[in-house]
Amino acid sequence: MYFISDNYTKEHLPSSDNIHFIVLSVKSQDNIFLKIMSIVRAQLEISFKILSVSRKVDSGFFFVSGTLFLPIIICRTLRKEAVLVNPASEYSRTKLMYQKNSFLKRTFPVIVKLMEDITQISSSKIILSSPSLSSYLSLSKYSSKIVYAPGEYVQLDKFMLKKAFDHRDNMVGYVGRLSEEKGILNFIESIPIILGKRSDLKFLIIGDGPLKESINIFLREHNLQAQVDILGWMPHDKLPFYLNQLKILVLPSYTEGLPNIVLESMACGTPVLATPVGSIPDLIENDRTGFILKDNSPSSIADKIIESLNNDHLAAISGEAINHVVKEYSFESVVQKYSQIFSLSSL
């Protein structure tokens, strides 16, 4: 087994003489022209790595990026399987990223969409975490090559109920990147509306990103520093403690795949309030395992947070969230589902 990546964490993978790690030299760039060059270089470097190990690989290659068309074409030319695993929509993200720049809005997202289309056409199989993700990513036309299995599992020995739900303060949280596609500004702008109706709430923001200063300016202008704590980036092993302090986690994203923070929050007994994007509609059943926003406008977020906190069955929803994750997203459950896929596969 070969792992080809620029950011793998070897300590999280089993130690074995049959597992090898190949580190890419390509790094992500912020400048648009350097970013394009970085993408080209990554395609070429991964392709050469695949060529170097192809004779040692028995079955095929698995890709977690939906734009790696050249490496996938190389795999197919070598008569190897090329499987996409929960490919995220870079097209949706780049549209949001460059929507204020007319030139980039017209060009770069179109290039990314073309790369995604070629990648999907060239792949031999596409593994998705849920049916909702198929329609969300416009992959229904590839239904003959789509199979379903979770792309993530939850470390249930770390993410678990540690603080009884009824003993928690009235705290609402956000965990994630502070960037436009995550809808974080919409959430921040909902806070004054919420506090105008319920002054007993506190808010916790965990994460870092390009919108951090804009968020701090908004909080200062509205005198919200006492009600909102921003902790910045947090090591992953510290998250269970903070998730166990929350009554609700808010995820008002414009675009998602299957965000692991949703599963981890539910495993800690913290219901999630999220927009119905990506796999979220298949993961969260409104008013049973969590809550779904009709849209991510500040007023909608505010109304739904207040409605959810006033729900008489909130503690029961917390319990249902835990049960759902334990049943469907434990390590054992995910391994079993992939074993079933491989037993039906030509891999």
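Modeller: Strands (E, at least two residues) and helices (H or I, at least four) are DSSP runs, numbered from the N terminus. Keep in mind that this is a predicted model, where local features need pLDDT of at least 70, side-chain atom pairs count only at pLDDT 80 or more, and totals for chains, interfaces and linings use all residues. Residues are numbered from 1 along each chain as its sequence is written, and side-chain values use heavy atoms, with hydrogens and water left out.

Biologist: OK, what order do the six strands of the open sheet come in?

Modeller: The order is E9-E8-E7-E10-E11-E12, with parallel pairing. E9 and E12 (291-292) are the edge strands, each pairing on one side only.

Biologist: And how many bridges hold E8 and E9?

Modeller: Four bridges, in the parallel sense. Ile205 stands opposite Ile230 of E9 there.

Biologist: What does Asp229 touch?

Modeller: Leaving out residues up to four places away in sequence, Asp229 touches Phe203, Leu204 and Ile205; contact means heavy atoms within 4.5 Å. The C-alpha atoms of Asp229 and Phe203 are 6.3 Å apart, though 26 residues separate them along the chain.

Biologist: Switching to the inside: how many residues are in the largest nonpolar core?

Modeller: It has 31 residues, and Ile184, Phe187 and Ile305 are among those with the most contacts inside it. A nonpolar core is a set of buried Ala, Val, Leu, Ile, Met, Phe, Trp, Tyr and Cys residues joined through side-chain atoms within 4.5 Å. Elements supplying at least two residues each include helix H6 (184-195), strand E8 (202-206) and helix H11 (298-309). H6 gives the most, six residues.

Biologist: Which residues is Ile305 in contact with?

Modeller: Beyond its neighbours within four places in sequence, Ile305 contacts Val172, Phe187, Ile194, Ile248, Val250 and Leu273.

Technical notes:
Buried means under 20% relative accessible area, exposed over 50%, partly exposed in between (1.4 Å probe, protein chains only). Two strands pair if DSSP finds at least two bridges between them.
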